[in-house]
Amino acid sequence: MNVPPSFVIRLVALGLLAVVIQVAAVSQISIFGVSADLSPLVVMSVGLLAGSITGALMGFGMGLLVDLLLVQTLGVTSLLYIFIGFWSGRLRELRDPAHELVPLGMGAAATAVAGIGMALIQFLLGVDAPVSFLLVQQIFLTVLVNSLISLPVFALVRRALTPALPDDPRRRRRRRYTTGGLSPLKRPSEGLGGSAGVMSR
């Protein structure tokens, strides 16, 4: 697939802007005692819009940047975000969901994967972060808050990327069918059957 340079530039700018806004502003705002997390929502949105490979690459880049800015173990966040971006893209490629509420459900799932995955990896690495009811409550509230903002975040990401998105062959086929093109269930001879019958008379 031929990827336009403008699309790559938009992805890089979007990733940098999202992480900077998250670290500098959003993380300072408390809702229900927790802060929203834009990063998994942006990665999920890119996967839904651009596919699994682009989603995984976006997840790797944003995760690495988050680890660098927060001085965390390099690669931990990237691993989780790669998973989120890849499977969000696979959902698009396998099911091509068109329902408006899909980003809401995927945003909740992406946030849960990020929160539970981070807690599990920290536990396996021996980091002093005991599993407790408080941690479970914090993850649940973060999922709830992120679910509330997942739709506007998806809309902003779509608006930023749509002008430069690589053309999808499936989208072209659907557009051709809905604008009067030949359906794959209709043979070419059927389209001429009526006129041929008239001429034979």
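This report walks through a helix, a pocket and a few individual residues of a predicted model.

**Helix H6**

Let us start with helix H6, which covers residues 133-161. With 29 residues at 1.5 Å a residue, H6 should span 42 Å, and its end C-alpha atoms lie 39 Å apart, which agrees. The helix does carry a kink: about 45 degrees at Ile149, shortly before the proline Pro152.

Which residues of H6 are buried? They are Ile139, Leu141, Thr142, Val143, Val145, Asn146, Ser147, Ser150, Val153, Phe154, Val157 and Leu161. These buried residues pack against three helices, namely H1 (5-24), H2 (38-50) and H5 (102-124). As a reminder, an α-helix has 3.6 residues a turn, so residues three or four places apart point the same way.

**The largest pocket**

Thr142 also takes us to the largest pocket, where Thr142 is among the residues nearest the centre, together with Asp37, Gly115, Met118 and Gln138. This pocket holds about 760 Å³ of space, and 26 residues line it. Which helix gives the most to the lining? That is H5, with 6 residues. At least two lining residues come from each of H1, H3 (52-70), H4 (76-95), H5 and H6. Sorted by class, the lining comprises 14 nonpolar, 11 polar and 1 charged residues.

Thr77 is in contact with Gly63, Val66, Asp67, Gln72 and Met118, leaving aside neighbours within four places in sequence. Ser78, with residues up to four places away again not counted, touches Gly59, Phe60, Gly63, Leu64 and Asp67. Met118, a contact of Thr77, is also one of the residues nearest the centre of the largest pocket.

Phe32 has a positive phi of about 60 degrees although it is not a glycine, and Val71, not a glycine either, has a positive phi of about 55 degrees. Phe32 sits in the loop between H1 and H2, while Val71 sits in the loop between H3 and H4.

| Residue | Relative accessible area | Class |
|---|---|---|
| Thr77 | 3% | buried |
| Ser78 | 2% | buried |
| Phe32 | 54% | exposed |
| Val71 | 72% | exposed |

Why does Val71 count as exposed? Its relative accessibility is 72%, and exposed means over 50%. Ser78 counts as buried because its relative accessible area is 2%, under the cut-off of 20%.

Methods. Residues numbered from 1 in each chain as written. Predicted model: local features only at pLDDT ≥ 70, side-chain atom pairs only at ≥ 80, totals over all residues. Heavy atoms only, no water. Helix = DSSP H or I, 4+ residues; strand = E, 2+ residues; numbered from the N terminus. Expected span 1.5 Å × (residues − 1). Bend = angle between axes of the 7 residues up to and from the residue. Buried < 20%, exposed > 50% of the residue type's maximum accessible area, 1.4 Å probe, protein only. Contact = heavy atoms within 4.5 Å. 1 Å grid on protein atoms, 1.4 Å probe; cavity = no way out; pocket = protein on both sides within 12 Å on 5 of 7 lines; lining within 4 Å. Points joined across faces, edges and corners; volume = space filled by probe spheres on them. Nonpolar A, V, L, I, M, F, W, Y, C, P; charged D, E, K, R; others polar.
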